[in-house]
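Here is a short briefing to read alongside the model. Please keep the structure open as you go through the points.

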Amino acid sequence: MALNAEESGRLAALLGGHAEQVTARWTEIVTGSLRGRLSQAELRRQVQDLHRAIVASGEQGAIDLSAENSAELRAALSELSRGRARQGFSATETTISVFALKDVLAELLQDGGGANALHDYIAFSKLVDELGLFTFESFVRTRESLIADQAEQLLELSTPVVKLWEGVVAVPLVGTLDSARAQVVMERLLQTLVDTGSPYAIIDITGVPAVDTQVAQHILKTVVAARLMGADCIISGIRPQIAQTIVALGIEFGDIATKASLADALRHVLRLTGVETARRQPRRDI
Amino acid sequence: MTAGVDLGHPQAQAIQSDEDVVRVRQLVRAVAVAVKLSLVDQTKVVTAASELARNTLVYGGGGSVEVTTVDNGRRMGVRIVFADSGPGIADLDLAFTDGYTTGGGLGLGLSGARRLVDEFEIETSAEAGTRITVTKWSR
Amino acid sequence: MERVPILKIGDILLVSIQLDMSDQTAVQLQDDLAERIVATGCHGVIIDITALDIVDSFVGRMLSTIASISKVLDAETVVVGMRPAVAITLVELGLSLNGIRTALNVERGMELIAAARADELEYQLDDDPDAETAIP
């Protein structure tokens, strides 16, 4: 894949010798593909950076993208793809910025490539392909980390634990529960029990479309953990499909209180606390 | 970084007495904090270490522990190696059964500790004793 | 060896575990507590583990044993203040702490003991014909 020293030298000479012409033409081709979503000046700067990096590593000998001396080139490509990924460009729009170099090289070699023109063009093309793939890869990596960041932010947003009554907190779960999210929610719920001194917690899963074994296990473990801490959990809002899944998966909910709605669950808790006071009341009168 | 924890080098601790088990817990806690494990994960790994250190003392007749930090490029973690030159474990399957005990405990030491960590390796023989390596990664 | 102090508050013995206990200290606490229950005639024991950052199977077993012993000595044991991370770990470890009553904090623990005590007295009054002679 990599160019040998001789080819690299010729590439560096070719690009270096026509620096002004190359960057101008390169910028022109890329501008067309981006439909004016990036300013001409910024684009020109990016192209110049890439151009400089390629020439620099070509002058140092054989260009090999994985080698030590191509660090600058790799950095320039990563920089480009990171920027584009953040600005919301597509993968095609990003890699075209690199592949455009092929057109530029074709034109240059056509005008004055000499006897080796065809051979050089094929070799240079391969290098550009490699650069393009590298750009694509780092584009994908950036997008992945962006998605991971957003998922984390969403996690923070979507897991409120609310105080429903004196001594009763509730966590209304909305959306798909994966293992990681279930864990975060549950830890937060248990911490809230301690912070507010609430002996009752209601886990409402009305907004959860589906439950798998792992998530059900997480909910169960939370209920058991809450009991160890001296608090009771009630699960409310179990949809018919989820009830069917729970039974089909053979998950034992055991003696955990389940209620149809959040309102029912709250009524249940109030009755639990209410009955106690009602029972003690007459004794005081005696 | 947490004071007193040298992240680059393994931290060793002998396990010869009850107090040493406490020291193992404190050492593991310090390292777990240094590699930024979440509070729940810290608690899990310290609990696992406590169980295994006690096993080393009670069943292995004492031994040693070595705590190191590990880094796989994406995540940091704690690795703990327990070694003793005791009689080894004759039947591993049985030893990993919840509730099985030969020492009058609850029989949750080995099986419970394995559930609390991410990686668990055990080498045991009557000649060389028992060597257990556990790893917990940050999330 | 360090010892865990046991405080008497009214009809209740309060044990607040503040240190990372060695196994020996835990066993010692078990013995001390049994003696104090008999010596004081208290009917409630509150074990506050707010300060404990881990509970392993040994300490878990100690708590269960204390609960059983005090039951035999006619005292109700409540373990209070378990941290969330500790509870999650105990569940994962597979320790269920059977037979132990728990509460979120000391105050709730006292309520629990008072309620249990009241229930018991009421039960005796309601159902036991000899109760009135048994209770002065």
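Which domains does the domain assignment give for chain A? There are two entries, domain 1 (5-155) and domain 2 (162-285), with bounds that come from an automatic or database domain assignment. This is a predicted model, in which local features need pLDDT of at least 70 and side-chain atom pairs count only at pLDDT 80 or more, while totals for chains, interfaces and linings use all residues. Residues are numbered from 1 along each chain as its sequence is written, with chains lettered from A and ligands numbered from 1 in the order in which they are written.

**Chain A: domains and confidence**

- The centres of domain 1 and domain 2 of chain A, taken over C-alpha atoms, are 56 Å apart.
- Chain A has an average pLDDT (the predictor's confidence in each residue, from 0 to 100) of 84, and 93% of its residues score at least 70.
- Where pLDDT is low, the predicted coordinates should not be read in detail.

**Helix α3 of chain A**

- Helix α3 (residues 40-59) of chain A has 20 residues and reaches 28 Å from its first C-alpha to its last, close to the 28 Å expected at 1.5 Å a residue, where the expected span is 1.5 Å times one less than the number of residues.
- Its buried residues include A:V47, A:L50, A:I54 and A:V55; buried means that 20 or more other C-beta atoms lie within 10 Å of a residue's own, exposed 12 or fewer, and partly exposed in between, with C-beta atoms placed from the backbone.
- The cover over the buried residues of α3(A) includes α1 (5-17), α2 (19-34) and α4 (71-86) of chain A.
- After α3(A) comes A:G61, with a positive phi near 120°.

- Chain B has four helices and five strands, in the order β-α-α-β-β-α-α-β-β along the sequence.
- Of the 139 residues in chain B, 40% are buried.
- B:K36 is not a glycine, yet has a positive phi of about 60°; it lies in the loop between α1 (18-34) and α2 (39-58) of chain B.
- B:K36 counts as exposed because it has 12 C-beta neighbours inside 10 Å.
- C:D74, likewise a residue other than glycine, has a positive phi near 65° and sits in the loop between α2 and β4 (76-80) of chain C.
- C:D74 counts as exposed because it has 11 C-beta neighbours inside 10 Å.

- The contact between chains C and B takes 18 residues from chain C and 23 residues from chain B.
- On the chain C side, α3(C) supplies the largest share, six residues.

Technical notes. Two residues are in contact if their C-beta atoms, placed from the backbone, lie within 7 Å. Helices (H or I, at least four residues) and strands (E, at least two) are DSSP runs, numbered from the N terminus.
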